[in-house]
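This briefing covers a helix pair, a loop residue and a chain contact. The sequence and structure come before the notes.

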Amino acid sequence: MKVWHFSEMAYHPAWPELRDSYRVVIPSRLFDPKVGADLYHRYLDEWALCDELGINIMTNEHHATATCADSVCTIPMAILARETKKVRLLALGMPIGNRNDPIRVAEEYSMLDVISRGRIEMGFVKGVPFEISPANTNPADLVGRFWEAHDLILKAMTSHDGPFNWEGTHFHYRSVNVWPRPWQQPHPPLWMPVGSPSSAMEAAERGMTIGVLNTGWVRTPPIFEAYRQKAAEVGRPMTPHRLAYMALIGVGDTREEGERRADQILDYSRTSGIVAPQFMNPPGYASAAQSGQALRMSAGGFRAGRIQSRDGCPIDPRRMTVAEAVDAGLCFAGTPDDVFAQLRAFYDHVGGFGHLLMMGQGGLLSHEETVANLSLFSREVLPRLGELGT
Amino acid sequence: MQRIDIGEVSLEISIAGDGRPLLFLHGGDYFVQNRAFLDRLAQRWRVFAPRHPGFGATERPDGFRTVHDLAYFYLDMIKQQGLDDAVLVGASFGGWIALEMCVRSIERVGRLVLIDTLGVKFGAREERDIADIYALPTDELLRRTFFDPQRWVPDYRQLSDEEVTAIARDREATALYGWRPYMHNPSLRQWLHRVRAPALVLWGDNDGIVRPDYGERLCRALPDARFATIRQAGHYPQIERPDEVADAIEGFAGAEVKR
């Protein structure tokens, strides 16, 4: 089992001033660059510490939001490519359907892979609906653009005999010739976050590792199962390392301490979905049938029901408690024994997975608390993960 | 609604009435609410009222990606259906299609009627000529769209699966054709001099999506156009004031106008 530490580099000092939307429309005067610089450096310090703790590093990106100040996922990767020496670096990921220039993505990933001497893992994300507005990309052909960008980036990173031509539906280049070529051959491992069995099957067909988040006890098993079945169907070798699960993890010397840390990290879940409803479901992002149903719901209802308790009841993420999150399988919290027991139960329930994406920092959890959280996990939980068999 | 084949495309269309042909090109949303207006027009004309390819119950045809595709498609359609000396009426997004048709060919267009039309950029780069319907809070969007939103916005909970899916497809197609550049073609303005058919530009007094002064600018940019407003109407005056809009069209195009 590989473990990855993930933080959204939240700019939480702005949160008290936000109400109906934490994204898209909030003015950047709420961002104080001096406070922001301190925050960036502490988050980077926490990731750098992971190199000593044996925990791999995961970044992501969002735009125009105080919940995630990492607006360019490859920037922390670039810093950490030099600052770390051992652990692997995953961006989960790059919104390639929202970036206008896939060749630039290929260049960023290739350069990172060489500088890190082959420690990069490449995530491609379709992106949540409220990323459409900041990117101003057309939601009605996002999927086609995503897969064309995917094909182009991979071809660009694996072609080493000079320029090739690309005249597709969405992208046009007469001389694709990416320098440098990546360290890992033919290219760094590919990841995609998914939220449904159908997306899992698309990834399985291509041998991409899938990462799921917020899918919990109820929604994870069918997604993993769809992946396994599709992989078998198309003859892709199936290993647990094709499957990754993201959980919020708070571990402490006492149960109370672990749960207190988890409670602070959980502010990620409580804030990240607060978005003005008009940005929740841009036309064409979902299928016409899904959007038709969403029309019937109250404003913002489109993403309702994504967070579910173990018995399938919807949970309001804004008010979710640690106990509810643990029950739902979204969070593992308590002493190292508690966390391991919860993780093992979840692992068995979903049929196993090879990567644990650990949100070890979130919300207002301080630097000292984050270091303690990661260190204790590394010391007391990480060595036991071999018992799970992957 | 019936279907007719135009090339590879199966077009949803209602055809009613007798007389000179009139083609109505609808806007991006509130398709079924045009019914009273179309019924009234059918008392005088033979009314062709399609639901655009990619809208309603029709999947978007392969290769249809821009408003240009719709313009060429409807030019094919009026030729194939033998529409001659037609009254071409476009509302909102449909007006944009009508303009794109007319800068290409007015061969079969006798009269052009543009209702709260978009598609042209007049203002400076930081000016928003056309309200961003994808960023406005719902309440404000509805207030800008209708003079009386309560009366015209349907209760979606009462609609069938088929109906809500068709509306979602309308919105998806509108987004596809109009997302970027936003609801306009940057090149269109320079070719408006080619729209040599006599034109009537009608505007809802209370349109908060595209303001009446935009309509006046559009009118001035056309070689032979007159401008009139419809009282107590928003972006879709033909929905809110079907008789007033139909009266205006009849006054403009009702006379024998064979060119």
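**Helix packing, a loop residue and the chain contact**

Helix 12 of chain A and helix 13 of chain A are roughly perpendicular to each other, since their packing angle is about 70 degrees and angles of 65 to 115 degrees count as roughly perpendicular. The model is a predicted one.

Helix pair in chain A

- Helix 12 of chain A spans residues 336-350 and helix 13 of chain A spans residues 367-381, and their axes are 10 Å apart.
- Helix 12 of chain A makes this contact through A:Pro336, A:Val339 and A:Phe340, while helix 13 of chain A brings A:Leu376, A:Glu380 and A:Val381.
- Sorted by class, the contact of helix 12 of chain A with helix 13 of chain A has five nonpolar residues, one charged residue and no polar residues.

Loop residue in chain B

- B:Asp148 sits in the loop that runs between helix 4 (138-145) and helix 5 (149-152) of chain B.
- B:Asp148 counts as partly exposed because it has 14 C-beta neighbours inside 10 Å, a count between the limits of 12 or fewer for exposed and 20 or more for buried.
- B:Gln232 is 84 residues from B:Asp148 along the chain, and the C-alpha atoms of the two are separated by 8.2 Å.

Contact between chains A and B

- Chain A puts 20 residues into the contact, and chain B puts in 20 residues.
- On the side of chain A that touches chain B, helix 10 (residues 288-296) of chain A gives the most, with seven residues.
- By class, that side of chain A has 10 nonpolar, eight polar and two charged residues.

Conventions:
Residues numbered from 1 in each chain as written. Chains lettered and ligands numbered in written order. Predicted model: local features only at pLDDT ≥ 70, side-chain atom pairs only at ≥ 80, totals over all residues. Axes fitted to C-alpha atoms, helices over the stretch in contact; angles between N-to-C directions. Helix = DSSP H or I, 4+ residues; strand = E, 2+ residues; numbered from the N terminus. Parallel < 35°, antiparallel > 145°, perpendicular 65-115°, else oblique. Contact = placed C-beta atoms within 7 Å. Nonpolar A, V, L, I, M, F, W, Y, C, P; charged D, E, K, R; others polar.
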